[in-house]
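The sequence and structure are shown below.

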Amino acid sequence: MKRLNIENYFDYAATTPLLPTVFTRMQPYFTNLFGNPSSAHRFGQQAYGAVEDARNILLDHFHITNPDNLIFTGSSTEACNTILWGTVFQYWKIYGKPGRLLISPLEHSAVNETAKFLQDAGFCIIDQLPVNQYGQVDPDDVRKMIRSDTVLVSVIYGNNEIGTINPIPEIARVCKEKGIPFHTDATQYVAHNQIDFGNSEISMMNIAAHKCYGPKGTGAILLGNGVENFLPFIHGGKQENGKRAGTHNVPYIVGMAAAYQILDNEFDKRIQFERQKRDLLIQLISENIPDCLLTGHPTERLTNHASFAFKGIDSLVLQSLLDQKGFAVSIGSACRSSKIHGQQQLIDIGLSSEWANGGLRITVGIYTTDDAIYSLVNALKRSIRILRRS
Ligand SMILES: Cc1ncc(COP(=O)(O)O)c(C=O)c1O
């Protein structure tokens with residue numbers, strides 16, 4: 001087995017390494033500044049100040065004016081659960097029957113599995129939007145499929161497995177016209193794009209820190225203006241204005257704000273860098289490996305994201321061969337790559353199992369080098385040749 005080298009890490013969509021500067025900003029809140037932000041004494045007030053400073057940085061980043069419109073959570077998954085449960089329960093409480101959730105088939109499991117759980121429990125009925133061959137939702141389909149009992153439309157912003165970006169502003173506009181709340185899971189998208197959320201027509205959006213060189217295990221819900229009757233998912237203390245109970249994870253919240261502040265400062269440079277690496281990867285793989293297909297949209301895709309299907313290949317075996325050579329790639333979402341085979345999302349965009357079983361996600365980031373890309377493509381080429389011969 002080859003030693004692990006960060007240059008050979010090609011799984012930035014699963015998670016990113018914590019930036020040393022982010023860690024430096026977090027550190028005091030593990031040690032000296034350990035207070036509970038809900039405590040009235042000065043130890044507590046120091047911690048409270050750190051949480052509110054972090055909130056202000058994020059409000060600024062997303063152009064939100066009302067501080068109540070940003071709710072810290074323990075992850076993006078928790079944020080999605082909160083949004084789906086809350087919306088479905090509101091309807092259930094009033095009408096005593098299940099409302100309809102209109103979602104795309106290519107949602108992350110944080111949305112998909114939550115929706116299925118709620119449907120199985122009898123609290124909602126899922127309506128599934130069609131997608132095109134790139135996995136994109138058409139706003140006109142959203143318009144056609146919204147019903148009088150639709151409680152929420154939820155469409156992922158930037159797809160974690162195939163990198164495709166959905167036309168979210170247009171979908172949000174349709175939902176606004178129809179008077180239906182609209183949620184987008186922007187966990188991947190916000191790490192590579194700047195969003196004027198405060199002036200958008202999105203009702204609810206969730207983010208995390210760990211796709212953007214911040215810590216794992218922290219996230220947030222962003223609420224649009226005019227979103228009322230938000231129901232908390234976690235009950236207990238009155239933190240987050242009663243919208244999310246539980247002692248704040250101060251160092252992680254500080255780390256999340258630092259990560260997005262640094263993204264702001266280096267945005268153009270970082271995006272240009274990752275786009276160059278992504279494009280080199282796509283070009284080399286397309287030119288060097290026969291029977292391969294770029295999955296997801298060719299241009300409207302996350303700037304760090306390349307994903308391919310290799311005909312006749314079992315991507316679990318391919319991933320493992322590459323791992324032995326020291327390269328970290330993914331067969332899809334990190335949440336399921338160890339469990340499920342079959343690349344459901346690739347089937348959903350119309351690929352036969354001969355192609356879909358060979359799906360591979362390769363995502364780049366700040367430590368990626370051109371040399372590592374050339375080495376990865378060589379290793380990929382050799383591994384695929386061996387697998388196709390056997
Ligand atoms: C699109 C998307 N949504 C949600 C999540 C879940 O985020 P977290 O790890 O913060 O729960 C992920 C993480 O992989 C993701 O990529």
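Two residues are in contact if their C-beta atoms, placed from the backbone, lie within 7 Å. The model is a predicted one, in which local features require pLDDT of at least 70 and side-chain atom pairs count only at pLDDT 80 or more, whereas totals for chains, interfaces and linings use all residues. Residue numbers start from 1 along each chain as its sequence is written.

**Domains and their interface**

The domain assignment divides the protein chain into domain 1 (6-18 + 267-389) and domain 2 (20-265); such bounds come from an automatic or database domain assignment. Between the C-alpha centres of domain 1 and domain 2 the distance is 27 Å. Across the interface, 27 residues of domain 1 are in contact with 31 residues of domain 2. On the side of domain 1 that touches domain 2, helix H8 (267-288), strand E9 (305-310) and helix H10 (344-348) each contribute at least two residues. H8 gives the largest share of that side, three residues. Helices (H or I, at least four residues) and strands (E, at least two) are DSSP runs, numbered from the N terminus. By residue class, this side of domain 1 comprises eight nonpolar, 13 polar and six charged residues. Here Ala, Val, Leu, Ile, Met, Phe, Trp, Tyr, Cys and Pro count as nonpolar, Asp, Glu, Lys and Arg as charged, and the others, Gly among them, as polar.

**Sheets**

Two strands pair if DSSP finds at least two bridges between them. The table sets out two open sheets.

| E1-E7-E6-E5-E4-E2-E3 | seven strands | mixed | 20° |

Axes are lines fitted to C-alpha atoms, for helices over the stretch in contact, and angles run from 0 to 180 degrees between N-to-C directions.

In the sheet of seven strands, strand E1 (70-73) and strand E3 (124-128) are the edge strands, each pairing on one side only. Strand E2 (residues 99-103) runs parallel to strand E4 (residues 150-154), with four bridges joining them. E2 is also parallel to E3, through five bridges. The chain passes from E2 through H4 to E3 in a right-handed β-α-β crossover, that is, with the strands pointing away from the viewer, the path from the first strand over the helix to the second runs clockwise. Ile103 has Ser154 as its bridge partner in E4 and Gln128 as its bridge partner in E3. Helix H4 (residues 109-120) lies across E2, E3, E4 and strand E5 (182-185), at about 135° to E3.

Five bridges pair E9 and E10 in the antiparallel sense; one of the residues involved, His305, has Thr363 as its bridge partner in E10.

**Ligand surroundings**

Which residues come nearest to the ligand? Of the 15 residues around the ligand, these are Ser75, Ser76, Thr77, Asn160 and Thr187. A residue is near a molecule if its C-beta atom, placed from the backbone, lies within 6 Å of it. The shell around the ligand contains five nonpolar residues, nine polar and one charged. Domain 1 and domain 2 each provide at least three residues of this shell.
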